[in-house]
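Hello,

Here is the structure we talked about. My notes follow below it.

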Amino acid sequence: MNNKIIFPDYEHSVLNLINSILKYYNVKTNYNGLNCLSSYLKKDYKNVAFLILDGMGRNLLKSIDTNGFFWKNKIDDITSLCPSTTTAVLNTFYSGKPPIETGWIAWSQYFKELGRNLDMFPRTDSYTGESYSKTSRIDVFDLVSYKTVYDQIKESSEDVKVYDISPSHCDSRAPKSIKANSIYDICSTIEALCSNKDKNFILAYTDHPDTILHKFGCSSTQVKDFVLEAQKEIEAMSKNLENSDTLLIISADHGHNDIDKCYSSIDLGDLNELFIMPPSLESRAVTFWIKDGYKEEFANKFNNKFKNEFLLFTKKEFLEEKHLLGFGTPHKKIDDFIGDFVAVSISGSIIKLETNLSKPKSDKLSTHCGFTENEMIVPCIVKDLSK
């Protein structure tokens, strides 16, 4: 297992990738683009297609095939964000802003308006699994809304058609959203759109290989088979789109790290006595709310127990000193979502977020959100199909 610690580089990350695309379409942004994309984006393409393969980190790709289409067309390695998780990164891709600005940080976030933790994507109670429905007073998801990259591009480049391609269980974010549940369907849809007469921006997302990685682990044949099949389909699509005046960009939201040690948040001994309420966020990026007068005791006990497994940050260190959620104007709910401390895994360890009301959470063989190289470095793959 590779336990090299990598922090997000907000000048050389997935944030900068999407901002390169926004700048190409004349959107004014507060963030720099990627230098590696600058020479490509000087050209005027009919189509720009950006494909996100969830969980396909650089190290995973390197272990599977360094002679194939993906690796041969990889132009750079960039960092994920903090936390290195789909919730944070997809909403950065969909907004062009870092988590500090979107308020989308992790799978489970605490809403004081409801007095409960919600799983952000499925919109369910984090512990009971109950589906969230807005109250007569407020829809809390309105509090974390933003202008999408699709709207931003349409406002700045009115002649460009924008499309969102994603699995059927995902929310639709663009006026023209197309559901595709397999890599074959995604490639077929991209090919069809790029073959029409319009100028198009296409953002396509698949939740694979992430779902396979969670279930089978990084070294599994199931993961290898998917990556090779995806590579085959995407390469075939690229050949069919030769001379179509298309720029194809492929990347990921994060990588994956295999799990070798698992704790539960309800089984942390005397640490539990110091909690105000249950921890939140993710199993490899956990935030804690601690009783007044016990913060130093908590830090000492936590570091003694997990000193080689997690890095512990105070709220000030996490947000203001190290800027781990990025730079920009903090979302109005950041103070609610981040507790007194945040612990980020630097090992194969996780802390499952459980309470006595919740069903035991199933073990995953591999996951993400930590600062290991496996999770934090993703490829930037580019294929110019204009020639």
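**Salt bridges and cores**

Aspartate 336 and lysine 333 form a salt bridge, with the closest N and O atoms 2.8 Å apart. A salt bridge here is a side-chain nitrogen of Lys or Arg within 4 Å of a carboxyl oxygen of Asp or Glu. This is a predicted model: local features need pLDDT of at least 70, side-chain atom pairs count only at pLDDT 80 or more, and totals for chains, interfaces and linings use all residues. Residues are numbered from 1 along each chain as its sequence is written, and side-chain values use heavy atoms, leaving out hydrogens and water.

Aspartate 336 is buried at 17% relative accessibility; lysine 333 is buried at 3%. Buried means under 20% relative accessible area, exposed over 50%, partly exposed in between (1.4 Å probe, protein chains only).

The structure holds 21 salt bridges. In one of them, lysine 43 pairs with aspartate 384, closest N and O atoms 2.8 Å apart. Lysine 43 is partly exposed at 34%. Aspartate 384 is buried at 11%. Glutamate 375 and arginine 284 also meet in a salt bridge (2.8 Å, N to O). Both are buried. Arg58, Lys74, Asp77 and Glu373 form a salt-bridge network.

Now the cores. A nonpolar core is a set of buried Ala, Val, Leu, Ile, Met, Phe, Trp, Tyr and Cys residues joined through side-chain atoms within 4.5 Å. The largest has 104 residues; Phe50, Phe70, Ile190, Phe201, Ile234 and Phe318 touch the most other members. A second, separate core has 19 residues, including Leu274 and Phe288.

Best wishes
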